[in-house]
Amino acid sequence: MSKRKTIGVLIGGIMDEFTEPVIKGIISESLRDDLNIIVIPIKYINRDMEGLSDIYEYQYQTSLASINAENIDVLIVAADCIGCLTSEENVKAFMADLKSRNIPIILAASKIDNCPNVVFDNKTGIIDGITYLVEELGIKNICMLKSIDHNADVSERYSTFLEMMEYYKLEVKPENVISTKLSTDCCKDDCRKLLDQNPDVEAVVCVNDAVAIGLYDVMKERGLVPGKDIKIMGFDNSINGSMITPSLTTVDADALEIGRQVIRLSRLVLDGWDVGNKTVPTRFILRDSFGSFLDRENVDQRILDKAYIDRYFHRIFFKFENISKKDDFPIFIMFKTIMNIIIDYVNDKEYNADRVTFLKSKVDEFFMLGSLNYTDADVLISYVNRVRVAVLERFDKPERRIQAYETYAKILEKIAEASNEASYDYKSVMNESLLSFENLVDDTLADEGGSENSYNNILHNLKTRGIKNAYVYIYDNPVKRKQYDPFTIPDTSLMAAMSDGEILDIPQESRHITVEELFENEFMTDKKHTMVLMPLYFRDTLYGSVLYDLTDISFKSGDLLANEYSTVARVIDMLNK
């Protein structure tokens, strides 16, 4: 049985946009280490359950009882995510409880005294965004939708907003700043309040993309167009922000890098080093909600000025860390080559077919170098659109404009080809999950009397999803628990186990499992692994937990899977009774 070190990762939900890249960063960075990773979603501490479809999600917090110094060697905690819906005092109490367990703790995207952390640089992106609004768009009346929470990240974004307003000597009145909640659905009344109190507002800096999207919805109610009537800026570079119309100007905060860096700190802690804090850089991403591509008068003619090529490169390919790196430098050179060809082509009086052919060949080479790895496709398309408009303004003859359109279309084709990657369809995942759920319950009911072997149905179901390792822990007696009730794990049995794709027969005398054995026991795989621990519950009754390989399916339908298996555990308990 393996004696390797185990890293625990405490997060909020498994299915949110922040969690997935953080965990994938953790996994990618730990590939060269002999480490097991246990991801433990506990939802949101002290959350107000009123109005929620699942008012019993507080049961996820019982997983905290699974953690101690005997089974976890380093604990990574996304404290601000877990505590985003409660008070600062509650978060401090939560962290004090974790510290009392004598496990080394590293915070991910959170700041709390006396804990090493990896956080975003919240200032640079905000500074660049407000600088662009003031210096390039001439905007003076800027408001902010900030967070009502104590979250260190969002507090720093607000303080940076105030610093920039003071730098440009722009007055900030009380009505210019409205506090709101960090979700699209919950912020809309505050968005309405901000617009009511500031009828002349020209731009709004939003604490995150979710709030910015809520503001979009409120503006739509009032017939206002983001980017044209009011400039909007978010923070996070979420998928939703890039897909809405008009696309959202935002700040790219690379959660994948947060994951990588927390493992690097964990590595040092395991080697006995004292560690400090790390900061992950952020980058301003210019999109349509600043109006750059909506109005012809806003087209920046400097895009065809060779003196600004470097500046535009860094704005578009915002994921570049260092252009001096050997593998990256050819992309930078190729971009400059392409832009020089375009600018020379526009400035020439006569059409040159050879030059256009040469340009297309360089565009091919550019994408073959993997340039899209350093940007988002929508950002690059917006830039290409901007170049197209600037070029067309220089051409009077219809034939030259047609030639420009044809070249532009070819470039868009290349972008489409380069970015054509397969992705999960969430609706199809849900439908698949519901279908498998029906089969799973049918199989359980078919097992007359709800015998102990019925728990193997959960393993068979997971196996069809590509899972090779899974372990079903069931309390000897179900536990009734209301929100805020203390919880200690009762006597627990390992009722089903699948190791390296093989479903095991567990002797009755070997089923009892202590808390220390939850993540490492004689029936678990000896291979290094990354797993997720999900509670099995129905309303206020807890039946146990299931630990299984963390794969992409969990990020898309993790809560649905937990609900499926919880229902199976409930059915088996009812049949046994």
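A salt bridge here is a side-chain nitrogen of Lys or Arg within 4 Å of a carboxyl oxygen of Asp or Glu.

## About the model

This is a predicted model, so keep the thresholds in mind: local features need pLDDT of at least 70 and side-chain atom pairs count only at pLDDT 80 or more, while totals for chains, interfaces and linings use all residues. Residues are numbered from 1 along each chain as its sequence is written, and side-chain values use heavy atoms, with hydrogens and water left out.

## Salt bridges

Searching the whole structure turns up 25 salt bridges. Let's start with R192 and E221, whose side chains meet in one of them at 2.9 Å, N to O. That pair links distant parts of the chain, with R192 in helix 6 (residues 188-197) and E221 in helix 7 (residues 209-221), 29 residues apart. Helices here are DSSP runs of H or I with at least four residues, strands are runs of E with at least two, and both are numbered from the N terminus. As for cover, R192 is partly exposed at a relative accessible area of 24%. The scale runs like this: buried is under 20% relative accessible area, exposed is over 50%, and partly exposed is in between (1.4 Å probe, protein chains only).

D310 and K336 make another salt bridge through their side chains, at 3.2 Å, N to O. D310 sits in helix 10 (residues 309-316) and K336 in helix 11 (residues 329-347), so this pair ties together parts 26 residues apart in sequence. Both ends are partly exposed, D310 at 33% and K336 at 27%.

Since E29 belongs to helix 1 (residues 19-29) and R264 to helix 9 (residues 255-270), the pair ties together parts that are 235 residues apart in sequence. E29 counts as buried at 12% relative accessibility, whereas R264 is partly exposed at 28%.

## Aromatic pairs

Across the whole structure there are 14 aromatic pairs. Take Y167 and Y168: their ring centres are 4.9 Å apart and their planes stand at 85°, so the pair is edge-to-face. For the cut-offs, rings of Phe, Tyr and Trp (its six-membered ring) pair if their centres lie within 6.5 Å; planes under 30 degrees apart count as stacked, over 60 as edge-to-face and the rest as tilted. Y167 is exposed at 57% relative accessibility, but Y168 is buried at 18%.

Elsewhere, F313, F317, F332, F335, F366 and F367 come together as one aromatic cluster.

## Two loops

On the surface, E70, E516, E517 and E522 gather in a patch of negative charge. Such a patch takes residues with over 30% relative accessible area and no salt bridge, joining like charges within 9 Å. E522 is found in the loop between strand 16 (512-513) and strand 17 (530-538), and this residue is exposed, with a relative accessible area of 59%.

A65 lies in the loop between strand 2 (35-41) and strand 3 (74-77) and is partly exposed at 25% relative accessibility. Its C-alpha atom is separated by 6.0 Å from that of T488, although A65 and T488 are 423 residues apart along the chain.

How values were computed
Patch = residues over 30% accessible without salt bridge, like charges linked within 9 Å, V, L, I, M, F, W, Y side chains within 5 Å. Areas by Shrake-Rupley, 256 points an atom, 1.4 Å probe, with all protein chains shown as cover. Lys, Arg positive; Asp, Glu negative; His and termini not counted. Charge placed at Lys NZ, Arg CZ, Asp CG, Glu CD.
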